[in-house]
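This briefing is intended for a reader who is new to the structure shown below.

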Amino acid sequence: LMMNKPQGVITATEDSRSSTVLDLIDAKYKVFDISPVGRLDKDTEGLLILTNDGEMNHNLTSPKKNVDKVYYAEVAGRVNSKDVELFSRGIALKDGYKALPANLEILEESDISRVNITIREGKYHQVKRMFEAVGKKVIFLKRLSMRALKLDESLKPGEYRELTEEEVEGLKSVLCSK
């Protein structure tokens with residue numbers, strides 16, 4: 001399934017305190033024992049894949065597979081060409097971890113900058129932490145795509161649909177080529 005994950009729900013199969021993405025799914029899909037592919041923070045929205053294909057799940061989330069994940073972000077602070085260069089070399093996070101190089105595209109340079117960022121790993125709050133490391137704060141974050149699969153813009157937050165056969169085969173063929 002492709003979901004446009006809304007803000008305010010967690011990317012988990014169950015939780016005793018918070019609503020999960022599976023709480024949004026019809027029972028007819030839950031019998032297939034689906035689970036989310038990777039995680040999106042509670043306050044992040046956008047593309048989330050849910051599957052019962054363990055190999056696909058692993059291949060899409062393994063850092064060794066270099067799966068591009070594109071996010072749209074609104075950032076408090078003027079994002080400029082210096083940031084683009086820093087991100088392209090990899091950002092050292094405050095905990096000492098060095099994030100892999102990322103592609104940062106400035107859509108609008110302003111007090112609230114609008115950017116697209118492409119990462120190839122998915123560490124805990126990674127995009128937010130990368131911007132914090134350069135003195136800026138993410139105020140909105142939305143995943144737009146994973147590899148060849150783009151979020152269906154007709155899906156409102158919380159809505160989902162089955163992937164087409166072509167989308168599934170596209171994900172599998174790309175992953176097999178790695």
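The lining of the second largest pocket comprises nine nonpolar, two polar and two charged residues; here Ala, Val, Leu, Ile, Met, Phe, Trp, Tyr, Cys and Pro count as nonpolar, Asp, Glu, Lys and Arg as charged, and the others, Gly among them, as polar. The model is a predicted one, in which local features need pLDDT of at least 70, side-chain atom pairs count only at pLDDT 80 or more, and totals for chains, interfaces and linings use all residues. Residues are numbered from 1 along each chain as its sequence is written, and side-chain values use heavy atoms, with hydrogens and water left out.

**Second largest pocket**
- The volume of this pocket, the space filled by probe spheres set on grid points joined across faces, edges and corners, is about 320 Å³.
- A pocket is an open set of points on a 1 Å grid over the protein atoms alone, where a 1.4 Å probe fits, with protein on both sides within 12 Å along at least five of seven lines; lining residues have an atom within 4 Å of a point.
- Strand S3 (residues 45–51) gives the most to this lining, with three residues; helices (H or I, at least four residues) and strands (E, at least two) are DSSP runs, numbered from the N terminus.

**Largest pocket**
- The largest pocket has a volume of about 500 Å³.
- Its lining has 24 residues, and those nearest the centre are Arg-39, Leu-40, Asp-41, Lys-123 and His-125.
- Strand S4 (69–76), helix H4 (126–133) and strand S7 (137–146) are the elements that each give two or more residues to this lining.
- The lining residues of the largest pocket divide into eight nonpolar, seven polar and nine charged.

**Helix H4**
- Because six of the eight residues of H4 are buried, the helix is largely enclosed by the rest of the structure; buried means under 20% relative accessible area (1.4 Å probe, protein chains only).
- The buried residues are Gln-126, Val-127, Lys-128, Arg-129, Met-130 and Phe-131.
- After H4 comes Gly-135, with a positive phi near 80°.

**Strand S7 and its partners**
- Seven of the 10 residues of S7 are buried.
- S4 and S7 pair in the antiparallel sense over eight bridges, where pairing requires that DSSP finds at least two bridges between two strands; Tyr-72 stands opposite Lys-142 in S7.
- S3 and S7 pair in the parallel sense over two bridges, and Gly-46 has Arg-143 in S7 as its bridge partner.
- S7 and strand S8 (residues 149–150) form an antiparallel pair over two bridges, and in the turn of their hairpin Arg-147 has a positive phi of about 55°.

How values were computed. Buried < 20%, exposed > 50% of the residue type's maximum accessible area, 1.4 Å probe, protein only.
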